[in-house]
Amino acid sequence: MIRVLVVEDDRGTADAHAAYVGRCEGFELAGVAHSATAAIRALRDAQQGTARIDLLLLDMNLPDGHGLQVCRELRAAGLVVDVIAVTAVRELDIVREAVAVGVVQYLIKPFGFAVFAERMRQYRAYRDELEGASSLTQQEVDRAIAALRTTNAPGLAKGLSAETLEAVSALLADAEAARSATEVAAELGLSRVTARRYLEHLADSGVADRTPRYGTRGRPELEYRRRG
C-alpha cells in the first residue's frame with residue numbers, strides 16, 4: 001500500500017481529499033496535516049518510526065509557509081518522499097519551481113474524484129515500474145516517467161479537453177464492467193455524443209477496448225473497457 005499524507009489547511013477540503021485517498025485502490029491514508037510545520041513533523045516522525053509516508057498531497061498556500069518551502073526543507077533534511085501538488089495556484093513561475101524541487105505531478109483545484117483517481121492511478125503505475133529495482137535501464141526509466149504523464153493530452157483532437165478525457169479514462173479504470181457511451185454520459189453529466197467521442201478516442205489510442213453489446217433491440221450498442 002502507498003501511504004499518503006494530505007497537507008491542506010482548509011479542513012473541509014482536507015477531509016474530502018482524505019476520503020478520495022481512501023477510495024483509490026492501492027493507497028491508504030497516513031494522516032492529515034493542516035500546516036507546513038505539522039507536515040514536516042509528521043515526516044520526521046515517520047522517518048524515525050515504523051509508520052512510513054510515501055506520498056504528500058501538498059497544498060501550496062499554507063498558513064505558516066509555502067508548499068515550495070516545504071519541498072526545499074524535505075530535500076535539505078534528506079527526507080525521501082514523493083510530492084503531488086494539489087492547489088489552486090496557477091502562476092507559471094510557481095509551476096516551474098514546483099517541477100524544479102521535485103514535484104511529480106501538479107493537480108489544479110477544483111477537481112472531481114475521477115480526475116483525482118486518474119492521477120493517483122498514474123502515480124501508482126510509476127511506482128509499479130520502479131518496484132524492486134536496484135538499477136534501471138534507459139527503457140525502464142522512460143517507461144516509469146511516462147506513467148506520470150497525462151494520457152495523450154498533447155495529441156487531443158479539436159474539441160476534446162484533457163480534463164474530461166481524464167475523467168472518462170478514470171471512470172473506465174474504476175469500473176468493474178464495460179461501459180457504454182450512454183452509461184458514461186449519465187455518470188459524468190455529458191451528452192451521449194460527447195461521451196462517445198472521448199470513448200472512441202481512448203479506443204483509437206489503444207487505452208480502451210471496444211466491443212459490441214448484444215441483447216438489445218436494433219443495432220448492438222458499443223461498450224468500452226479500460227485495457228489492462
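How are α5 and α7 oriented to each other: roughly parallel or roughly perpendicular? Let's work through this predicted model to find out.

## Ground rules

The model is predicted, so local features need pLDDT of at least 70 and side-chain atom pairs count only at pLDDT 80 or more, while totals for chains, interfaces and linings use all residues. Residues are numbered from 1 along each chain as its sequence is written, and side-chain values use heavy atoms, leaving out hydrogens and water.

## Two helices

Helix α5 (residues 113-130) packs against helix α7 (residues 162-174) at about 75°, and their axes lie 8 Å apart. Helices here are DSSP runs of H or I with at least four residues, strands runs of E with at least two; axes are lines fitted to C-alpha atoms over the stretch in contact, with angles from 0 to 180 degrees between N-to-C directions. The two helices are therefore roughly perpendicular, a label covering 65 to 115 degrees.

Contact means heavy atoms within 4.5 Å. Residues making this contact include Phe113 and Arg121 of α5, and Glu163 and Asp174 of α7.

## Nonpolar cores

The largest nonpolar core holds 27 residues, with Val7, Leu56, Leu58, Met60 and Leu74 having the most contacts inside it. Such a core is a set of buried Ala, Val, Leu, Ile, Met, Phe, Trp, Tyr and Cys residues joined through side-chain atoms within 4.5 Å, where buried means under 20% relative accessible area (1.4 Å probe, protein chains only). Its largest share, 5 residues, comes from α2.

Beyond its neighbours within four places in sequence, Leu74 touches Ile40, Leu43, Leu56, Leu79 and Val81.

Methods
Buried < 20%, exposed > 50% of the residue type's maximum accessible area, 1.4 Å probe, protein only. Parallel < 35°, antiparallel > 145°, perpendicular 65-115°, else oblique.
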